[in-house]
Amino acid sequence: MNAKLADHNTKLGLTFGWKRDGSTFTRPHIETEKIEKRVRKGPVIAVASFCPFCGEPYEPQPAAPKPQGGAA
């Protein structure tokens, strides 16, 4: 996407983060802003789990647990 945006002197902003296992990840930055400026609390950071352009997940989805039980 950045290659196409470069023709317009533009690039995507990136957000860096850490997974629970200590490894890092990079995702496109989704801009957020405060609604009520007088509130001291800042806006939250939005990080996508799916590519906003193609819809593919960044991480493979965990396998669904197998149903338990049966005839008793």
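Q: Let's start with Thr15: which strand is it found in?
A: Thr15 is in strand β1. Strands here are DSSP runs of E with at least two residues, helices are runs of H or I with at least four, and both are numbered from the N terminus.

Q: What kind of model is this?
A: This is a predicted model, where local features need pLDDT of at least 70 and side-chain atom pairs count only at pLDDT 80 or more, while totals for chains, interfaces and linings use all residues. Residues are numbered from 1 along each chain as its sequence is written, and side-chain values use heavy atoms, with hydrogens and water left out.

Q: Back to Thr15, then. Buried or exposed?
A: Thr15 counts as buried, at 12% relative accessibility. Buried means under 20% relative accessible area, exposed means over 50%, and partly exposed is in between (1.4 Å probe, protein chains only).

Q: And which side chain does Thr15 join in a polar contact?
A: That of His29, at 3.2 Å. A polar contact is a pair of N or O atoms within 3.5 Å; within protein, one must be able to donate a hydrogen and the other to accept it, and residues adjacent in sequence count only if both atoms are side-chain atoms.

Q: What else does Thr15 touch?
A: Not counting residues up to four places away in sequence, Thr15 touches Phe25, Thr26, Arg27, Pro28, His29, Ile45 and Val47. Contact means heavy atoms within 4.5 Å.

Q: Arg27 is on that list. Where is it placed?
A: Arg27 sits in strand β2. At 9% relative accessibility, Arg27 counts as buried.

Q: Which residues is Arg27 in contact with?
A: Leaving aside neighbours within four places in sequence, Arg27 contacts Gly13, Leu14, Thr15, Val47, Ala48, Tyr58 and Glu59.

Q: What does Arg27 form with Glu59?
A: A salt bridge, with the closest N and O atoms 3.4 Å apart. Glu59 lies in the segment after β2 and Arg27 in strand β2, so the pair ties together parts that are 32 residues apart in sequence. For a salt bridge, a side-chain nitrogen of Lys or Arg has to be within 4 Å of a carboxyl oxygen of Asp or Glu.

Q: How many salt bridges does the whole structure have?
A: The search finds three. One of them brings the side chains of Lys19 and Glu59 together at 3.0 Å, N to O. Lys19 is in the loop between β1 (14–18) and β2 (24–28), and Glu59 is in the segment after β2, so this pair ties together parts that are 40 residues apart in sequence.

Q: How exposed is Lys19?
A: Lys19 is partly exposed, with 31% relative accessibility. Glu59 also counts as partly exposed, at 34%.

Q: Where's the other bridge, the one with Glu36?
A: Glu36 pairs with Arg38 through their side chains, at 3.1 Å from N to O. Glu36 is partly exposed, with a relative accessible area of 38%, whereas Arg38 counts as exposed at 74%.

Q: Which residues end up in one network?
A: Lys19, Arg27 and Glu59, joined by salt bridges that share partners.

Q: New topic: what about the cysteines? How many disulfides?
A: The search finds zero disulfides, a disulfide being a pair of cysteine sulfur atoms within 2.5 Å. Cys51 is in none, and the nearest cysteine sulfur, that of Cys54, is 3.6 Å away.

Q: Now backbone. What's the phi of Asn9?
A: Positive, about 55 degrees, although Asn9 is not a glycine. Most residues other than glycine have a negative phi. Asn9 lies in the loop between α1 (2–6) and β1, and counts as exposed at 75% relative accessibility.

Q: How much of the chain is buried?
A: Of its 72 residues, 10% count as buried. The protein chain exposes about 6900 Å², and carbon and sulfur atoms supply 57% of that; the accessible areas come from the Shrake-Rupley method with a 1.4 Å probe, and for residues only the protein chains shown count as cover.

Q: And what share of the contacts comes from residues 24 or more positions apart?
A: They account for 16% of the protein chain's contacts with a separation of 6 or more.
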